[in-house]
Amino acid sequence: MKKIIVACGGAVATSTVAANKIRELAKKEGIPVEVTQCRVNELESKKEGIDLIVTTAKVKKDYGVPVIHGVAFVSGVNIEATEQKILNVLQQ
């Protein structure tokens with residue numbers, strides 16, 4: 001099972017949209033995932049054992065885990081490219 005954190009500034013609105021899209025994508029591809037949500041400022045304390053971080057806010061810090069900017073799930077722009085980036089990490 002792959003573990004994913006979806007983070008945004010407030011851990012509510014945009015991360016919920018992105019988290020739901022990621023769950024749908026993983027289910028469609030047959031990849032078991034556990035998706036949790038948090039605020040960007042909580043990432044450092046929650047990164048242990050995580051396979052992927054998807055953020056809807058700009059993050060420049062290196063957490064030692066792949067980080068993908070997931071604003072496409074909110075804006076609707078470049079969703080396919082973002083989904084492919086996520087799948088590339090999850091299929092490793």
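Guide: Let's start where helix α1 ends: just after α1, glycine 30 has a positive phi of about 70 degrees. This is a predicted model, where local features need pLDDT of at least 70, side-chain atom pairs count only at pLDDT 80 or more, and totals for chains, interfaces and linings use all residues. Residues are numbered from 1 along each chain as its sequence is written, and side-chain values use heavy atoms, leaving out hydrogens and water.

Visitor: Why is valine 17 called partly exposed?

Guide: Buried means under 20% relative accessible area and exposed means over 50%, with partly exposed in between (1.4 Å probe, protein chains only). Valine 17 has 35%, so it is partly exposed.

Visitor: What puts the buried residues of α1 on the same side?

Guide: Those buried residues are Ser15, Ala18, Ala19, Ile22, Leu25 and Ala26. They cover an arc of only 125 degrees around the axis, so they sit on the same side of α1. The arc is taken from the directions from the helix axis to the C-beta atoms.

Visitor: What makes lysine 61 and glutamate 44 a salt bridge?

Guide: The term asks for a side-chain nitrogen of Lys or Arg within 4 Å of a carboxyl oxygen of Asp or Glu. Here the closest N and O atoms are 2.8 Å apart, so the pair qualifies. Lysine 61 lies in the loop between β3 and β4 (67-69), and glutamate 44 in helix α2 (residues 43-46), 17 residues apart. Glutamate 44 also forms a salt bridge with lysine 47, at 2.9 Å.

Technical notes:
Helix = DSSP H or I, 4+ residues; strand = E, 2+ residues; numbered from the N terminus.
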